[in-house]
Amino acid sequence: MKVDNFRLKLGGKEYVPIVVGGMGVNISTTELALAAEKLGGIGHISDAESGFVCDSIFKTSFVSTKRKRYIDCIGNPDKSRVQFDLGEVAEAQKKYIEYTISQKSGNGLIFLNCMEKLTMNNSNETFHVRLNAAMDAGIDGLTLAAGLNLRSLDLIKDNPRFRDVKIGIIISSTRALSIFLKRAVRVERMPDYIIVEGPLAGGHLGFGPDDWHTYDLKTIFLEVLDFLRKENLDIPVIPAGGIFTGTDAAEYLSMGAAGVQVATRFAISREAGLPYQVKQEYIMANEEDIVVNMASTTGYPMRMLTSSPTLRYAIRPNCEGLGYLLENGGKCTYIDAYYAALEVKKPGEQLKVHEKTCLCTGMANYDCWTCGHTTYRLKETTNLLPNGKWQLPRASDVFLDYQFSTDHSIKLPEPEGC
Ligand SMILES: Cc1cc2nc3c(=O)[nH]c(=O)nc-3n(C[C@H](O)[C@H](O)[C@H](O)COP(=O)(O)O)c2cc1C
């Protein structure tokens with residue numbers, strides 16, 4: 001039994017049923033998404049901090065322009081004035097997506113992972129602009145993630161591509177799905193696919209920080225299939241979180257999954273955005289180095305390596321240039337934690353900010369080492385080189401291993417230099 005025996009059917013077309021999940025900020029790069037698309041699967045880019053991502057790729061100056069505009073707010077805990085220019089948000093979004101889409105060369109698709117929790121100090125307006133600009137730029141699909149805004153469909157219903165762009169949602173419970181579907185019925189636009197993300201995924205989790213281990217993907221996935229059957233709804237369901245081998249994937253496909261979404265194994269591929277040394281840290285990690293904590297300012301638990309530099313951050317909030325996670329009204333729990341820590345700091349003492357981290361800066365600097373639970377198994381997927389480093393597989397090595405492997409075997413990449 002292998003993944004290649006199955007196909008993902010979307011909008012009357014067939015794809016290799018492997019979806020590379022969105023990994024912000026720019027971990028699921030254009031190059032990674034295109035590698036999946038080229039092989040007939042689906043690749044995601046993420047629009048988290050797209051202004052910052054554009055600056056890194058195109059040498060634009062979205063971040064420095066915004067920082068200059070609000071320079072007088074630096075050092076002030078009140079960030080209510082620090083607003084994004086909606087024209088600039090649209091421009092960055094279009095630039096990045098057009099750049100990615102224009103390089104498509106296969107029969108697959110490129111989707112955008114859109115985190116609703118990227119509230120950007122004006123959640124509705126900025127989300128409206130992000131979604132519509134992405135559609136205008138030609139994205140094949142929008143995957144609504146982290147926070148699942150019930151108003152998302154209303155925000156795009158006047159876009160000419162509303163019925164043609166693929167729309168998917170990420171949920172972790174049947175309850176969240178049924179709430180979203182009630183809203184979808186009202187605008188007569190059902191999602192084209194449903195990603196069921198279990199508790200072993202990377203990034204933010206849709207479970208509590210203390211009870212995530214009491215849930216399992218297979219149970220939730222089967223509940224969702226059952227729910228859809230009872231509601232007479234035929235929507236492709238794509239499980240995600242902890243699917244480590246091609247055989248794990250094929251097992252879900254034979255249970256009725258339309259495809260699988262995977263990310264952790266691709267995070268260490270050459271095409272992924274993490275720096276080389278961070279990829280080495282991921283591969284070297286042991287199970288006890290991987291934790292779920294509440295350091296993220298989004299209010300959601302997040303899985304990360306204990307060695308993640310963000311867990312030791314005590315930096316001044318950087319909202320003037322970034323500010324992607326500011327709640328409406330300019331609030332962020334890191335700002336509160338930072339200024340509370342400043343107040344109790346004694347002269348000569350090092351500043352320590354407990355509990356929260358500056359996620360905007362951490363993600364932008366690749367200092368927040370978020371990862372899936374199976375990260376400790378990455379050693380099984382590649383070769384240890386004579387110099388003591390681990391070989392980084394190509395995204396196509398990982399993709400093809402998922403597609404063709406059997407019996408839980410993992411094909412190692414061709415050793416370097418051969
Ligand atoms: C490094 C990393 C970053 C991630 N970032 C995001 C993100 O920004 N948004 C999101 O919806 N999911 C994110 N995820 C979740 C993945 O898209 C995916 O659904 C999940 O990790 C699949 O499980 P696996 O990693 O066990 O294969 C991330 C996962 C990883 C490993």
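Is Thr406 buried, exposed or partly exposed, and why? This being a predicted model, the call rests on counting neighbours: Thr406 has 13 C-beta neighbours inside 10 Å, so it goes down as partly exposed, given that buried would take 20 or more and exposed 12 or fewer. The residue sits in the segment that follows α14 (395–404). Setting aside anything within four places in sequence, its contacts are Met1, Lys2, Gly246 and Thr247. Arg394 lies twelve residues from Thr406 in sequence, and their C-alpha atoms are 20 Å apart in space.

As for confidence, the protein chain averages a pLDDT of 96, with 100% of its residues at 70 or more. Helix α7 (residues 174–186) comes out lowest, at a mean of 94, while strand β3 (residues 18–20) is highest, at 99.

Take Ala267: beyond its neighbours within four places in sequence, it contacts Met23, Ile27, Ala272, Leu274, Tyr282 and Cys371.

Then there is a helix pair to look at. Helix α4 (residues 86–101) and helix α5 (residues 123–136) have axes that come within 9 Å and cross at roughly 35°, and the crossing is right-handed. On the α4 side, the contact is made by Leu86, Val89, Ala90, Gln93, Lys94 and Ile97; α5 brings Glu125, Thr126, Val129, Arg130, Ala133, Ala134 and Asp136. Sorted by class, that contact comprises seven nonpolar, two polar and four charged residues.

Methods:
Residues are numbered from 1 along each chain as its sequence is written. This is a predicted model: local features need pLDDT of at least 70, side-chain atom pairs count only at pLDDT 80 or more; totals for chains, interfaces and linings use all residues. Two residues are in contact if their C-beta atoms, placed from the backbone, lie within 7 Å. pLDDT is the predictor's confidence in each residue, from 0 to 100. Helices (H or I, at least four residues) and strands (E, at least two) are DSSP runs, numbered from the N terminus. Axes are lines fitted to C-alpha atoms, for helices over the stretch in contact, and angles run from 0 to 180 degrees between N-to-C directions. A crossing is left-handed if the near helix is turned anticlockwise from the far one by less than a right angle, and right-handed if clockwise. Ala, Val, Leu, Ile, Met, Phe, Trp, Tyr, Cys and Pro count as nonpolar, Asp, Glu, Lys and Arg as charged, and the others, Gly among them, as polar.
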